[in-house]
Each structure stands twice: as structure tokens, then as C-alpha cells.
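Please open the structure in a viewer and keep the selection panel at hand.

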Amino acid sequence: MTVVVMIVVLIIMKEKIKMRIYVKDLNKHLDQKIEFSGFVDSIRNLQWVQFVIVKDLTGKVQVTIEKSEEKNKEMVELIESLPLESTVKITGKLISSPKVKLNGMEIIPEKIEVTSKSEHEIPFNYKNIDGVNLDTRLDYRFIDLRSEKNQLMFMVQSSFIKYMREYLYNNNFIEIHTPKLIGAASESGAEVFEVKYFDRKAYLAQSPQFYKQMAMASGLEKIFEVAPCFRAENSNTSRHATEFTSFDVEFSYINSYEDVMNLEAEMLTYALTKLKEEFGEKVKETFGLDIVVPTLPFPVMKLKDVYKELEERYNYKVPESEKTDLTTEAEKLSYKLAKEKFNHEFLFVVDYPADKRAFYHMRNEEGKLQGYDLIWRGVEITSGAQREHRYEKICENAKSKGLGEDVKFYLEFFKYGCPPHGGFAIGVDRLTMLLLDIPTIKESQFLFRGPNRLNP
């Protein structure tokens with residue numbers, strides 16, 4: 001094929017493949033004939049003119065139809081009978097119009113094509129959900145998600161993940177994908193979902209923990225994964241779900257769990273900085289709150305010192321038997337403590353009892369756990385640690401927990417050399433909930449899965 005022929009082919013292909021124009025990019029197409037597609041958001045049918053507001057994911061634009069013009073008769077009749085929430089494709093000229101409050105521009109249409117007609121009245125007004133039952137919203141989640149607030153939430157969530165990924169890619173991490181069907185129910189004390197796997201049982205993975213560590217034994221050194229996890233826990237709280245998206249990180253040749261803490265703090269700070277640059281104004285306008293970029297380093301406190309301060313400052317007392325972990329109320333108060341003591345939204349809590357954590361977490365010579373929890377805005381978002389990488393020690397730990405055949409395949413990873421390593425996991429849905437002050441994780445997930453919800 002000659003160069004001339006190739007150029008002609010490319011020109012023809014460009015003519016055929018028209019890139020869709022979004023509201024956010026309309027100002028690049030002023031005084032041009034364009035095609036614009038979206039949902040019909042509202043219609044004002046006046047005596048001499050029709051105003052149709054059409055929206056896409058990035059905003060809204062006004063379409064103005066003059067009734068007095070004979071050429072518009074067919075479009076006028078179409079709009080008069082068109083239900084809201086239908087989708088349309090508008091062909092017309094985009095012009096600057098300072099009198100138009102919506103972005104100072106409007107489309108003067110030549111043609112309107114109804115690409116889908118809303119056949120029924122929507123079950124509730126997603127623009128005003130006051131008094132609308134949450135279960136009703138979840139039953140019709142595809143309607144609920146049409147709200148500008150929800151659509152912005154998922155745009156922010158997507159970018160949050162993007163920037164955390166970006167930080168890791170910039171630091172030579174590799175993204176991997178681990179299996180979610182596993183042959184042994186063994187990772188932690190949490191319950192697992194059992195599924196039929198041909199002629200035997202399988203389980204849905206609670207986390208990629210074992211496979212992340214296998215990657216360390218494989219010499220991949222720095223890895224991460226963003227993927228679903230499954231927990232068969234009958235928890236009906238505002239922050240638990242039976243299926244959620246986890247952002248998992250693991251890396252080798254660390255000196256202590258402090259290296260893990262430092263990397264997580266740097267990653268979150270990087271992502272929140274970028275997120276504020278991209279969405280700070282929009283989040284302030286829509287959610288009425290600021291994206292707060294934390295300072296480094298994040299403050300660190302021992303578990304016993306947290307309880308001591310909570311008692312001294314807020315008269316919060318719990319029995320000694322409950323001080324082996326942070327209670328839900330202690331987590332909430334720790335946010336207040338972090339703000340008052342450190343002027344910080346994050347707090348690392350360390351020195352948890354080793355017997356309360358998974359067998360693969362490293363203990364030092366004194367038997368102390370080499371791990372941490374990260375609390376953000378009064379909620380735990382991470383349990384991280386240095387892992388036990390020495391074969392003899394990991395076997396001892398597993399035995400002490402009464403684990404045998406279930407973890408045999410996992411223990412094999414450490415027989416042939418494995419570097420010192422550690423890591424953490426962050427629940428993406430919980431992170432979104434806290435960032436945007438969403439009342440419950442049911443609303444910060446695309447589709448919530450809990451003990452009493454398996455649809456839609």
C-alpha cells in the first residue's frame with residue numbers, strides 16, 4: 001500500500017469514526033456543527049420556545065428550539081411528547097450565548113433522534129432523595145446512580161485508585177492478578193464462601209495474601225493488585241460488606257514494618273494531592289467538604305498509649321480484656337485524638353498483641369507483633385505488617401494456630417528462600433466512604449453485597 005493510499009484510508013476512517021463530544025469539552029467546538037448525546041434531564045415548553053437540558057457524565061447543556069420556525073415543527077412535536085430520562089442524539093450548531101446561565105452556550109438543533117424512550121415514570125426522584133428508603137434506592141441502583149453526586153463519587157473513586165496505582169508504578173511495582181477461587185479455607189479467622197467446583201469444594205478468596213507472598217518468594221519483589229475479596233461474615237454495619245474491592249500491596253527487602261508504614265503514607269499523600277488538584281473544587285461544591293492532603297510523616301502511637309490518652313482526655317474506659325484491639329468507639333475517638341494531639345487526620349497504631357493477629361505476621365525476639373493499623377477519620381482502613389518469611393518460624397506460627405493441611409501449600413513458598421517482606425491492604429469502598437463522608441458503604445459501592453442483599 002502506497003503512502004498516498006494509506007493517507008486516504010486514514011482520512012476516510014477518521015470521517016467514519018466520530019469521537020463523542022462531552023459537555024466538559026464543548027467549549028472547544030463553539031460555532032461548529034456537532035453531534036451530542038445524553039439523557040433528557042428537563043424540558044421547559046414555553047409558548048414560543050422549547051428548552052431541553054441534556055446531560056452526560058460530565059455536565060449539562062441547553063438545546064434551544066424556536067417554535068416559530070417551520071423547519072422545527074417535527075422536533076417541537078417530538079419534544080412535546082418526549083418523557084424525561086429518555087436518551088437523545090442532537091445534531092446542530094453549538095453557539096456562545098451569554099444569556100444562557102448553563103455554561104453560556106447552547107445547541108441550536110437541526111435534528112433530534114430519540115435513541116431510547118423512557119417507557120415508565122422513574123421509581124423515585126434521584127435528584128432529591130430526602131425520604132427515599134435506602135433499600136428502594138439500592139433496588140433501583142441504576143436509577144440512583146444517575147445523580148450527579150453519585151456519578152462524581154465514582155469518578156473520584158476511579159481517580160483515587162489511578163493515583164495510588166500511579167505512585168506504585170512510579171516506584172517500580174508490578175500489578176498482578178491472583179485467583180479468587182481457592183482450594184483451602186485458611187487465610188484468617190473470617191468465614192469463607194464455599195462453592196461447588198466440579199466434583200469438589202472450593203472457596204472464594206478472602207484476600208490475595210498468600211499469593212502476594214508467593215510473588216515475593218518468586219522474586220517479583222514489588223507487587224500490587226486491585227481486585228474483589230469475599231468475607232462470609234454476618235456483619236450488618238455501616239462499613240462492612242460481604243464483597244468489596246481491595247487494594248493490596250506487598251514488597252520485598254524491607255528492614256521493618258516501618259518501611260511498610262512509610263510507603264503507605266507516601267502513597268496516600270501522593271494520591272490525595274493529585275485528587276485535590278483534579279476534584280477539589282467539584283467535591284467542595286457537591287459534597288460541601290475539602291479534600292485534605294495530609295503531611296508526612298503520619299503520627300504513630302502504641303495501642304496502650306491510645307487507650308491511656310482516650311481515658312485521660314475523654315474519660316473513655318474499657319476493661320483490660322478489650323484493650324487487645326481498638327473497639328469501634330475507640331477508633332472513632334482516635335480521630336478526635338489525632339486531630340487534637342497531632343493536627344492530623346491519620347493515625348498509625350502499633351504494638352498489638354501477637355496472638356490476636358494472623359500467623360503470617362512477624363513477631364520480634366520479644367514476641368511483639370511487627371505490624372500496625374492505620375486509622376483515618378475514626379475508621380480502620382488498613383492492617384499492615386512485616387510478614388514472617390523464615391520457613392521454621394512460619395511453620396511454628398501455623399502450628400500454634402492449629403493450622404495444618406489447609407496451609408501446607410502456602411508453607412511451601414518459604415522452603416526455598418524468601419526475602420524479608422511486608423505489605424498492606426486498603427478497602428477501596430471504605431476509603432471512598434471516608435473521603436466523601438458517605439453515611440454507609442452501601443452507598444459507596446457500585447453494587448452493595450451484604451448478608452441480606454444479593455440483587456440487583
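**Before starting**

This is a predicted model, in which local features need pLDDT of at least 70 and side-chain atom pairs count only at pLDDT 80 or more, while totals for chains, interfaces and linings use all residues. Residues are numbered from 1 along each chain as its sequence is written, and side-chain values use heavy atoms, with hydrogens and water left out.

**The second largest pocket**

Select Leu57, Thr58, Gly59, Lys60 and Lys282, which are the closest to the centre of the second largest pocket among its 26 lining residues. A pocket is an open set of points on a 1 Å grid over the protein atoms alone, with protein on both sides within 12 Å along at least five of seven lines; a cavity is a set of points where a 1.4 Å probe fits but cannot get out, and lining residues have an atom within 4 Å of a point. The space in this pocket is about 560 Å³, where a volume is the space filled by probe spheres set on the points, joined across faces, edges and corners.

Next, colour strand 2 (49-56), strand 3 (59-66), helix 5 (148-170) and helix 7 (257-287), each of which gives at least two residues to the lining. Helices (H or I, at least four residues) and strands (E, at least two) are DSSP runs, numbered from the N terminus. Helix 7 provides the largest share of the lining, six residues.

**The largest cavity**

Which residues line the largest cavity? Select Leu138, Arg141, Phe446, Leu447, Phe448, Arg449, Arg453, Asn455 and Pro456 to see them. The search of the whole structure finds one cavity of 30 Å³ or more, and the space in the largest cavity is about 40 Å³.

Stay with two of these lining residues: asparagine 455 and proline 456 are joined by a cis peptide bond, with omega about 0 degrees. Proline 456 belongs to the segment after helix 13 (441-444).

**Helix 9**

Move to helix 9 (residues 328-342), whose 15 residues should span 21 Å at 1.5 Å a residue; the end C-alpha atoms are 21 Å apart, which agrees. The expected span is 1.5 Å times one less than the number of residues. Show Ala330, Glu331, Leu333, Ser334, Leu337 and Ala338, the buried residues of this helix. Buried means under 20% relative accessible area, exposed over 50%, and partly exposed in between (1.4 Å probe, protein chains only). After helix 9 comes asparagine 343, with a positive phi near 50 degrees.

Are cysteine 395 and cysteine 418 buried or partly exposed? Cysteine 395 is partly exposed, at 24% relative accessible area, whereas cysteine 418 is buried, at 12%. The sulfur of cysteine 395 is 13 Å from its closest cysteine sulfur, in cysteine 418, which is too far for a bond. A disulfide is a pair of cysteine sulfur atoms within 2.5 Å, and by this rule the count is zero.

**Backbone features**

Most residues other than glycine have a negative phi, and most peptide bonds are trans. Select leucine 296 and proline 297, joined by a cis peptide bond with omega about -5 degrees. Proline 297 sits in the loop between helix 7 and strand 12.

Finish at phenylalanine 198, whose phi is positive, about 55 degrees. Phenylalanine 198 lies in the loop between strand 8 (194-197) and strand 9 (200-204), and is exposed at 66% relative accessibility.
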